[in-house]
Amino acid sequence: MDHIVDTRPGRGDQTLMPGGQAFITETRSAAREAGITLFDVTDPDQGIVHVISPELGIVLPGCTLIAPDSHSCTQGAFGALAWGIGSSEAEHAMATGTLRMVRPRTMRVRFTGMPGPGVTPKDMILTLIARYGAGGGKGYAVEFTGEAIDALDMEGRMTLCNMATEFSAMTGMIAPDEKTFRWLRGRRYAPRGAMLERALADWRTLASDPGARFDSEVEIDAATIEPMVSWGTSPEHSVGISGQVPDDPPERPIRYMGVQPGQKLAGIPIDAAFIGSCTNGRLSDLRRAAALLKGRHVAPGVRALAVPGSMAVRRAAEAEGLDAIFTDAGFEWRMSGCSMCFYAGGESFPAGSRVISSTNRNFEGRQGPAIRTHIASPETVAASAIAGHIADPRELAQ
Amino acid sequence: MKPFTTLTALPAPLLLDNIDTDTIIPSREMKSTGKTGLAGGLFAPWRYRTPGGRDPDPDFVLNRPDHADAQILLGGGNFGCGSSREHAVWALAEYGIRAIIAPGFAPIFASNCTRNGIVPVTLDRATIEEIAASHAPVTIDLAAQTVRQEGGACWPFDIGAEAKAMLLEGLDAIDLTLKNRAEIAAFQQADQASRPWIYLGDIGQ
């Protein structure tokens, strides 16, 4: 249970979303009737599906994993073929154990060089989408490679693969390596003992061959990437934090967003800040935001929320005292769920609010009617919350 | 699923890129756990003056008298991007839309369309702009894979063989797949022997 659940402390089946409670109770009884394991609202393992599946070792290298949620590609970070489907395809998969599909073409996106300090996987994937378009990956399964990818930890790899769907790719994936195997060891549903040894022997064969040919190749020098922030209503409407709205932008996005052609992004005042989601709601995301927030406070008038991606992330963050850093800085500290990454008639910000958000979509109305969403990394969200306007996290870190 | 053969209708132009499924149906309009009762929420953010309201915005294309009963939409690039919610397609189908002509579709959305009797027709941008400017009906012939105008142009389009067959005959994908039940079982048996850790309950001690 992730999309519909309330994230206010003390929650139960009640939710502000119209029809949400019926969805929760009907899902629970249907799962029980079918004998399907459900990570329910009050389960200690509850969380966003793309966060808890890796935590529990449900995703494994080489497995085929689907869910009726577009961000299922997150789990390609483990060298799985993981992608999102609609409800009819989910029904088909459960009824037959298969899906009917056309084999996608292959694309390799190579991040050469190393990103500078304060530049995150979120900024890397937004750079790809801004350069090649929100439809740039259509028809492709994308493999991310290069030294900047090798250097990423598993959580960073998940952030990167998460937004393959914003690139319109069928999926994004990263070759499993020793980091992947270490991460999975001891997780609840991951193989153990002799079975693990057997699995490892198989997993070590999964990476693309050195001479592998792809239908399409893209290369980005990670050293040229800045912290990114969106100015419009598609993730492709993103620029570096020192950049500006294009001089000749499409008319509808700038009207909706209330920005001007050529306007600098840094300095635009914000009303709210949101840290969380399947893109950036993991422990390392919260740690990096907290490092900037420690000893500081959000600007007057800015509402700020931190929503851990799972209850396990929440507990781990609390064990490190991150919750106190967030609340001392003026953030609300929530239970886990998708929360205000999207709006379903429940909680939102006042109409017209400008929100800097560590989420994945800045569509019109995505976070609520007339809400203007700027997507960015957790660091950029934290720095902007403190400043009261869109701000470069690298300046705060100095 | 309702089969699709040919359809002649005046297409309604919505020539914006990246029309997302939150716009096609916002999650606040998905109030039930079923597949019906969604047409009223179709394009709600653009179709009505206020969120949750039903006061039509006269500027929105489907609120113009000549497009009120639209069966064909003309869209921009990357149509149907965003959330995988099939409600977007259910809402379109319930409203009466049978085909969408766009320069490109988001993959999950295109697949949802073919599962629900809506034909995703890919044509180039210039052709779509020409069709929109003509303000004339088009005929979509799925068997021939063409879009044509009376006494005028005829544009061919590509569609996957299986998607085409399913749409033409209104086939149920599950029925189709279960014809291969024996092959599926044989694959799973062999796979379980070679990769037992993939299967629940066999992860070792």
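Modeller: Helices (H or I, at least four residues) and strands (E, at least two) are DSSP runs, numbered from the N terminus. This is a predicted model, in which local features need pLDDT of at least 70 and side-chain atom pairs count only at pLDDT 80 or more, while totals for chains, interfaces and linings use all residues. Residues are numbered from 1 along each chain as its sequence is written, and chains are lettered from A and ligands numbered from 1 in the order in which they are written.

Colleague: Which domain does UniProt list for residues 1-125 of chain B?

Modeller: The unreviewed UniProt entry lists "domain: Aconitase A/isopropylmalate dehydratase small subunit swivel" there; such positions are given in the numbering used here, feature names are shortened, and annotations may be inferred rather than shown by experiment. This span of chain B is 21% helix and 15% strand, and its end C-alpha atoms lie 30 Å apart.

Colleague: How many residues of chain B are in contact with chain A?

Modeller: Two residues are in contact if their C-beta atoms, placed from the backbone, lie within 7 Å. By that rule, 42 residues of chain B are in contact with 50 residues of chain A. Elements giving two or more residues to this side of chain B include helix 4 (107-114) and helix 8 (181-194).

Colleague: And how many helices and strands does chain A have?

Modeller: Chain A has 15 helices and 13 strands, and its C-alpha atoms fill a box of roughly 55 × 50 × 40 Å along the principal axes.
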